[in-house]
Amino acid sequence: MTRKYRFQGEPVLGVARGFFNGNSFPIGVYGAAIDNLEEIKGLAVNTVILGGSGEGLKRKIEKCHGVGLRYVVSVPHDPDLLPVFLDRLSRYTRPWDMAFYVNDEPGIWSFPVNRANDINRLIKERFPGCATCMAVVRPQVCGDYARAADFFMLDQYPVPFMPFSWLSDCMGECENSLSHVEPKGLPDATSLLGAKAHNPGSRRLAAVIQAFGGEKYADLGWPRLPTGREMTCLAFLSVVNGARGIFFYSYGAMGKTAEGRKALGSAVGRLNQVYPWLVVENSEETVSVEMVSENRFDPRGRPAVQCCLKQKGNDALLVAVNTLGTGVEILLGEKALNEAGERAGCAREVFSGEAYKIKNGKIRVKLGPYGVLAFVFPTR
């Protein structure tokens, strides 16, 4: 005997207003509580991850509505409990402001794939336009869980002992793992994945940026909090590698002190300075990186600086991220920079406002330890 649930009414969400659509980019935090939502909003964060159930969850969501935050709701991991949970949720949520957090590190816990798929299916039946996402630290399992979530949040935490390129390498491995899954097996694949829905491994990535550490975590390998510079580096490294959303773990750790809030605010602030570009898909054109400083390679012998190009209208944004904890100097070159940028004579660096001269289709720049630069230049 199997109990069947009959849902009343139809979801009101139109996919065009979906959570990860082409007009929105979640910049979120873990560790949100009803008494810190206004403080979180004050840092220019636009999304929070919420847990709980019943009246407690309802109060948090209604407070999100009041302060103007979107939310990712963590759901029960038992499919038998999910229909009732979703039915109650539908009475007070705004589906266009909501996504679902369906699992956390399923590869580590060997969470059954069929159960994970059932959870995603039940959510899609009740809220067909809402996105689902899960956090993963082992990118090789993404393919196994490809039909259990729309988006995969890579949560490598490298500070202070691991190379920062660990995050970008895992994002690439996850994308490759997902690329072997047929699009027809993905719920709402075309609407949620956008222009590259024909390649199911692309546009399905998000990132969880380390925002914790200290004495409590010293024995586990994270003896200190990351700095604002380090969080900014990791955030933009995920952008370079195609992230469709960024979440900081966690406000409970970083938000305890004024210094921590300032560091988190600096990372979020940099993201918001280029926010209109974050929703623009990375160009497939390759940016040439010529390392001219003595320090030039990451631990795998590749150029230490990673880049991406985004094009919108008559302009382009070029992002360069130094993955090393030491300063570097580079020459950046790109076809559009060579053709149109040189006619303009210079490219404007977004964060400093400084103009960089374009010579022979290249820009010569210095990046500090874990430095990030973003250049805007015309393409026509």
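Biologist: How many aromatic pairs does the structure hold?

Modeller: The structure holds 12 aromatic pairs. Rings of Phe, Tyr and Trp (its six-membered ring) pair if their centres lie within 6.5 Å; planes under 30 degrees apart count as stacked, over 60 as edge-to-face and the rest as tilted. This is a predicted model, in which local features need pLDDT of at least 70 and side-chain atom pairs count only at pLDDT 80 or more, while totals for chains, interfaces and linings use all residues. Residues are numbered from 1 along each chain as its sequence is written, and side-chain values use heavy atoms, with hydrogens and water left out.

Biologist: What are the centre distance and the plane angle for the rings of Tyr30 and Tyr101?

Modeller: A pair of aromatic rings is described by the distance of the centres and the angle of the planes. For Tyr30 and Tyr101 the centres are 5.8 Å apart and the planes are at 85°, so the pair is edge-to-face. Tyr30 is in the loop between β1 and α1 (37-41) and Tyr101 is in strand β4 (residues 98-104), so that this pair links distant parts of the chain, 71 residues apart. Helices (H or I, at least four residues) and strands (E, at least two) are DSSP runs, numbered from the N terminus.

Biologist: Is Tyr30 buried or exposed?

Modeller: Buried means under 20% relative accessible area, exposed over 50%, and partly exposed in between (1.4 Å probe, protein chains only). Tyr30 has 10% relative accessibility, so Tyr30 counts as buried. Tyr101 is buried too, with a relative accessible area of 6%. Tyr30 also pairs with Tyr249: the ring centres are 5.1 Å apart and the planes are at 80°, so this pair is edge-to-face. Tyr249 lies in strand β8, so the pair ties the loop between β1 and α1 to a part 219 residues apart in sequence. Tyr249 counts as partly exposed, at 32% relative accessibility. Ring pairs link Tyr30, Tyr101 and Tyr249 into a cluster that also includes Tyr157, Phe212, Tyr217 and Trp222.

Biologist: In which order do the strands of the closed barrel run?

Modeller: Strands of a sheet pair through backbone hydrogen bonds, either parallel or antiparallel. Two strands count as paired if DSSP finds at least two bridges between them. Here eight strands form a closed barrel with parallel pairing, in the order β1-β2-β3-β4-β5-β6-β7-β8. On average, neighbouring strands of this sheet are turned by 30° against each other, direction ignored. Strand β7 (residues 205-210) is joined to strand β8 (residues 246-249) by four bridges, and Ile209 has Phe248 as its bridge partner in β8.

Biologist: Across which strands does helix α10 lie?

Modeller: Helix α10 (residues 258-273) lies across β1 (27-29) and β8, at about 180° to β8. Helix α6 (residues 165-178) lies across β6 (151-154) and β7, at about 155° to β6. Axes are lines fitted to C-alpha atoms, for helices over the stretch in contact (heavy atoms within 4.5 Å), and angles run from 0 to 180 degrees between N-to-C directions.

Biologist: Which residues of the largest nonpolar core touch the most other members?

Modeller: A nonpolar core is a set of buried Ala, Val, Leu, Ile, Met, Phe, Trp, Tyr and Cys residues joined through side-chain atoms within 4.5 Å. The largest one has 89 residues, and Val48, Leu89, Phe100 and Phe248 touch the most other members. Helix α8 (residues 228-240) gives the most to this core, eight residues. Another core lies apart from it, with 23 residues, including Leu309, Leu318, Val328 and Leu373.

Biologist: How many residues of strand β11 are buried?

Modeller: Seven of the eight residues of β11 (residues 315-322) are buried. Strand β10 (residues 305-312) pairs with β11 in the antiparallel sense over eight bridges, and Cys308 has Val319 as its bridge partner in β11. Strand β16 (residues 372-378) is joined to β11 by seven bridges, also antiparallel, and Leu318 stands opposite Phe375 in β16.

Biologist: Which residue does a cis peptide bond join to Val159?

Modeller: Most residues other than glycine have a negative phi, and most peptide bonds are trans. The bond between Val159 and Pro160 is cis, with omega about 5°, and Pro160 is in the loop between β6 and α6. The bond from Tyr249 to Ser250 is cis as well, with omega near 5°. As for phi, Asn360 has a positive value of about 55° although it is not a glycine. Asn360 is in the loop between β14 (355-357) and β15 (362-367) and is exposed, with a relative accessible area of 59%.
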